[in-house]
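Here are a few notes to read alongside the structure.

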Amino acid sequence: IVTEAFSGSVSVTLAGEQIARSDKALALNEASYPTVYYIPRADIAMEGLQRSDKVTYCPYKGHAAHFSVVAGGEAAENAAWSYEQPYGAVAAIAEYLAFYADKVEVTATPD
């Protein structure tokens, strides 16, 4: 797992409404999976997110809390996740959220 600052901006929208936009996102690359962008909570409209009961576990990152998103008159269940107390090797992603690209639109624009 490699985590580094993303040089550019990342935005997240649902039904045409912006949920997040950040120039401080982290890019996480793990094995052959697509890059996942983690966005600081300060750059997310957290009032449109609701913590769900879903919790998942990754042996490399720890336990992830999940959030549903409501925006633009639509809802996307468990569309975001956060490792609030990640393992030391990925401590940089604590208090950041990532979004499922098949549930919301995630756009990464490099500088």
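1. A word on terms before the rest: a residue is called buried under 20% relative accessible area, exposed over 50%, and partly exposed in between. Arg51 comes out at 45% relative accessibility, so Arg51 counts as partly exposed. Keep in mind that this is a predicted model.

2. Now to what Arg51 does with its side chain. Arg51 and Glu84 meet there in a salt bridge, with N to O at 2.6 Å. Arg51 sits in strand 6, while Glu84 belongs to the loop between strand 8 and strand 9, so this pair ties together parts that are 33 residues apart in sequence. Glu84 has a relative accessible area of 25%, so Glu84 is partly exposed as well.

3. Glu84 has another partner to look at. Arg41 forms a salt bridge with Glu84, and the closest N and O atoms are 2.7 Å apart. Here the arginine lies in the loop between strand 5 and strand 6, and Glu84 in the loop between strand 8 (74-82) and strand 9 (96-99), so the pair links parts 43 residues apart in sequence.

4. Which residues do salt bridges with shared partners join into one network? They are Arg41, Arg51, Glu84 and Glu95. I'd display these four side chains together when you go through the model.

5. The search of the whole structure turns up five salt bridges. One of them pairs the side chains of Arg21 and Asp23, at 3.2 Å from N to O. Arg21 has 41% relative accessibility, so Arg21 is partly exposed.

6. The largest pocket has a volume of about 320 Å³. It is lined by 16 residues, and the closest to its centre are Glu30, Tyr33, Val36, Lys61 and Trp81. Strand 4 (26-29), strand 5 (36-40), strand 6 (49-58) and strand 7 (62-71) are the elements that each give two or more residues to this lining.

Notes:
Residues numbered from 1 in each chain as written. Predicted model: local features only at pLDDT ≥ 70, side-chain atom pairs only at ≥ 80, totals over all residues. Heavy atoms only, no water. 1 Å grid on protein atoms, 1.4 Å probe; cavity = no way out; pocket = protein on both sides within 12 Å on 5 of 7 lines; lining within 4 Å. Points joined across faces, edges and corners; volume = space filled by probe spheres on them. Helix = DSSP H or I, 4+ residues; strand = E, 2+ residues; numbered from the N terminus. Buried < 20%, exposed > 50% of the residue type's maximum accessible area, 1.4 Å probe, protein only.
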